[in-house]
Amino acid sequence: MSYLIPSIAPALAQRRHSAKAWALKASAVALAAIAAVAYCPHGYAQSAAPAATLVAAKPEGALVAAKPASAFSSNVVYDWIYLDLQIIQQTPGFSPPVAARALGYLGLALYEAVVPGMPGYQSLAGQLNDLSSLPWAQPDEPLHWPTVANAALATMSRMMFPTASAENKGKIDLLERNLPIKYSQDFNPSTITADISNRSETFGKLMAMAIMTWARTDGGHEGWGPLRKDRPAWVPPSGTGKWSATPPTFAPALLPYWGQNRPFVIKKASDCQATVPPVYSEEPGSAFYKEGLEVYQISNAATQEQRQFALYWADDPGKTPTPAGHWAYIANDILKLRKANLATAAETFARLNMAMSDAFVAAWHTKYTLNIIRPVTYVQLGIDSNWVPTLLPTPPFPDYPSGHSVQSSAAYTVLEQLFGADTPFVDNTHNDRGWGPRTFKNFKAAADEAALSRMYGGIHYRFSIEGGKPQGQCTAKAVMALQFKR
Amino acid sequence: MLPAQAADTPPLAIPHFVEETDTAGLQIRYDGQDEFMVGGGVATFDCDGDGLPEVYVTGGVNKAKFYRNKSRRGGPIQLKEERSGLELTSATGAYPLDIDGDGKTDLVVLRVGEIEVFRGLGQCKFERANALWNIPDNNDWHTAFSATWERGNSMPTLAIGSYYDRGRPDFPWGTCTPNLLLRPDATGKKYAAPELLSPGYCALSMLFSDWNRSGQASLRIANDREYYKGGQEQLWKVTPGQSPRLYTAEEGWKRLQVWGMGIASHDVDGDGLPEVFITSMADNKFQKLEHGANQPSYVDQAYKRGITAHRPYVGGDIHPSTAWHAQFADVNNDGYADLFVVKGNVSTMPDFAILDPNNLLLGEPDGHFTEVGQQAGMASFLRGRGGMLVDLNGDGLLDMLVVNRMDKAQLWRNVGAGTPDQPQAMGHWLQLRLHQDSGNADAVGAWVEVDLGGRIVREELTVGGGHASGNLGWMHFGLGQAQEAKLRVQWPGGSWSDWVSAAADRFYVLNRETGLAAWKAP
């Protein structure tokens, strides 16, 4: 029986943060093969690379063979992302920021699990906040990357969604068991020995556990909980122009401390700022008044198309995979359509999801720093006592900036750089609701529509929408500046 | 059911209240979760000079609304919502008074958040004045208010009550925050740094009243035993130039612990000293000074006077009542003060009545009170909080406003012995406003006495009390069958006016300098 060669060994040997020199045992043959597979490491427009068999001497002298992550399809990732989005939708407490955080850790766990199988790429340990190191894949112990990814995502899903229903927990187990059968091309039993399989599973789980250990310290762990005992109850600042609970439910403020969470990439939430909002005023003719009046008038007179936009991008928790999940859904479909490889998918979800999560942290920081009054309250105070937006309920947190705007801007900025600015795509996220498929000419067009939809819905001022865009772009740029490649 | 009447006892004169909430145009709810479980007040005041009080209703998480009174005198009540500058959310209560003595009513709005003090500009327009008058912007849970003019001051001394620490909703017990006392600074144009009325025991009502007729009001505070530790009801001695201090047991103060929620004060028994009714959860108290003006020592006479109001009188719910706003006033103009109590479950507390009707207890010549809420037509089962008896249509009959938690506010017109189409007076009345040329233009703290032919009824002009609800305007006196009455006033500072005669069923202004003058609607 032959063994898979760890084609990533040379890459791992140069991991930037390795204090230890990796004992590189790959043969010249292997290196030559890597060069052959240099094939385009995992370009974004490419499909899974053809299998390239690398052969090298194991320490014991046995022959082993291995394929890099780019040699496998992204099918494993597709199924996991699809299931995780379902779980986000169906698990209470996964509000948009919480969902984005979960996706961030899932994306990162996937990437870190398979990066040893991505030649030329490196771990993000050392680049992310308070994450100095992660487990190493032993260079002389070949791994099967789909198995690693399957184990990492299964383990991460279990830990990230402990309050999922029994049915969904069962789906996690089922998916983990069935993927090797479903995707037999990636999980060819004739090429995976029992010890490779075990080792791969172990490594995937280990990576998930390491990521989860780090995740627990970010301030957002179990954010769905009823009350954070380690923090005082949040008392909304009071004063003219400040946010107060909004109709119809007048729910208490959602996640007031979320902006104090440790971001993934940006050093602190305030590193990415929204633009300065207009000075509060109830005086007719003032800039703020005009903004309030515009929301009132536009949402009242919204066209059928504008109303559809508002509903389409609402992405309410409990009904949808939330806004971040919406963009993850889009990315997942694109990767599948392009028959992207496992490495490409891993990098995509690491970048996209971390950028969206950081976008929520930055947005929440601004929201709960400025505590700007929502349009429904403003309009009732100064324009129309009995007005409430008819299309969308106002979410229970301060207005500025629009979370949709910040997060969508982060998403499109990442996707543009990964897939190209003029990439048309089909959005199937809401096909099950009869609202799709919808085709967009590019990512920015979709993001702008998502952002503006909040004004059509009567729940955000235009300045909150426009002011949030630079903040999201900022988090995306920070993520895109990470050194994924060595 | 009414108690059996002795053969020689005239039947009770029960006024008829007709609900006109919807037809009057009153559309507001007091909503909100935990931080809005208390409060829900209404303020009434005339800000356009037509003699009819405007209405300002707090909405909790909803916007508070100002209504201009457009009623035709003697006719159905008509309110019209207007933009006034008083637009706010998180408002829990409101009290009108003229802080700067310019003759234009100002308004203190209690809020979950900083209190907002509004300066009246005339013609029912207001502007925020916290900065102008140096009102502290404490982000607390404000629940009570009262004001008095200390001797020599042109601006009033303000007492501001608060509930428990908003940062401790997980364990609020023992976290009652201190109440504040604001006194004018040396300029007399704004307030000095607040003095703490500490310890605070979760105040839900406070009232400056001259309990011993000393010429100097003390501050009574009704405190909610639900959240304090070691607390009690309080009476603060507030002496000009000195720090406030609590009356002590050595001085005669008796420790009392109730779920204090509202205060009504009135000289019910005609001895010249005010009795105090404290609302609570079932154990409402009617307190009378047991040693006269010598000691602040009170005995409870609620049971003796049939004024316990401890459980629903109609509706079949046998659980204890929860009482909030309380107010003495003469709703049937018979010359005897009646008691209005607003009731309502805190939320859905299972051990207390859910169907908890508001009370209307008619005062009788023998000092006893009789419940007539059902017969009067005002036995609402909504979750009541604040309220007000006030003449909204200028016909001499006191109408009724009630703010309900998690439900619409309600309004009833008092049609006396008649019907909505043909209201009928039940007795004679007069209404009076006081005026003096000082900062205390409305003469808050004055005592008015009306002689009904040998029996004197008296009323102290106060700002505060009730539950989160206040009125500034006509003082109302029922005269019974008297077509004319003599009246006099003890002005703030202690001097008495002469007795003057006044014909019944009219409005008067008594000016400290120029005397009594009839007032006619413009």
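## Basis of the model

Two strands pair if DSSP finds at least two bridges between them. Strands themselves are DSSP runs (E, at least two residues), as are helices (H or I, at least four), and both are numbered from the N terminus. By these rules, strand β8 (residues 116-122) and strand β9 (residues 125-128) of chain B pair in the antiparallel sense over 4 bridges.

This is a predicted model: local features need pLDDT of at least 70, side-chain atom pairs count only at pLDDT 80 or more, and totals for chains, interfaces and linings use all residues. Residues are numbered from 1 along each chain as its sequence is written, while chains are lettered from A and ligands numbered from 1 in the order in which they are written.

## Chain A overall

Chain A has 15 helices and 4 strands. Of its 486 residues, 54% are buried. A residue counts as buried if 20 or more other C-beta atoms lie within 10 Å of its own, as exposed if 12 or fewer do, and as partly exposed in between; C-beta atoms are placed from the backbone. Two residues are in contact if their C-beta atoms, placed from the backbone, lie within 7 Å. Among the contacts in chain A with a separation of 6 or more, 83% join residues 24 or more positions apart.

The mean pLDDT of chain A is 87, and 85% of its residues reach 70 or more. Over residues 1-65 of chain A the pLDDT is below 50, yet this stretch has 141 contacts in the model beyond near neighbours in sequence. The pLDDT is the predictor's confidence in each residue, from 0 to 100.

## Helix α8 of chain A

Helix α8 of chain A covers residues 287-300. Its 14 residues should span 20 Å at 1.5 Å a residue, and its end C-alpha atoms are 20 Å apart, which agrees. The expected span is 1.5 Å times one less than the number of residues.

Which residues of α8(A) are buried? They are F288(A), E291(A), G292(A), V295(A), Y296(A) and S299(A). Seen down the axis of α8(A), the buried residues fall within an arc of 135°, so they line one face of the helix. The arc is that of the directions from the helix axis to the C-beta atoms. An α-helix has 3.6 residues a turn, so residues three or four places apart point the same way. The buried residues of α8(A) pack against α12 (375-382), α14 (443-456) and α15 (462-480) of chain A.

## Cis peptide bonds in chain A

Most residues other than glycine have a negative phi, and most peptide bonds are trans. The bond from P247(A) to P248(A) is cis, with omega near 10°. P248(A) sits in the loop between α7 (194-215) and α8 of chain A. Y400(A) and P401(A) are also joined by a cis peptide bond, with omega about -5°. P401(A) lies in the loop between α12 and α13 (403-419) of chain A.

## Chain B overall

Chain B has 3 helices and 38 strands. Its C-alpha trace spans about 55 × 55 × 50 Å along its principal axes. Of the 522 residues in chain B, 56% are buried. Residues 24 or more positions apart account for 59% of its contacts with a separation of 6 or more.

## Hairpin and loops of chain B

The hairpin has 2 residues between the strands, and Q123(B) takes a positive phi near 50°.

Two loop residues also have positive phi. S90(B), not a glycine, has phi near 65°. S90(B) is in the loop between β5 (79-81) and β6 (91-97) of chain B. It is buried, with 30 other C-beta atoms within 10 Å. A309(B) has a positive phi of about 45° although it is not a glycine. A309(B) is in the loop between β21 (298-300) and β22 (323-329) of chain B, and is buried, with 25 other C-beta atoms within 10 Å.

G252(B) lies in the loop between β17 (245-246) and β18 (262-266) of chain B. With 16 C-beta neighbours inside 10 Å, G252(B) counts as partly exposed. Leaving aside neighbours within four places in sequence, G252(B) is in contact with H291(B), Q295(B), P296(B) and S297(B).

## The interface

How many residues of chain B are in contact with chain A? There are 20, and they meet 16 residues of chain A. The chain B side divides into 2 nonpolar, 7 polar and 11 charged residues. Here Ala, Val, Leu, Ile, Met, Phe, Trp, Tyr, Cys and Pro count as nonpolar, Asp, Glu, Lys and Arg as charged, and the others, Gly among them, as polar.
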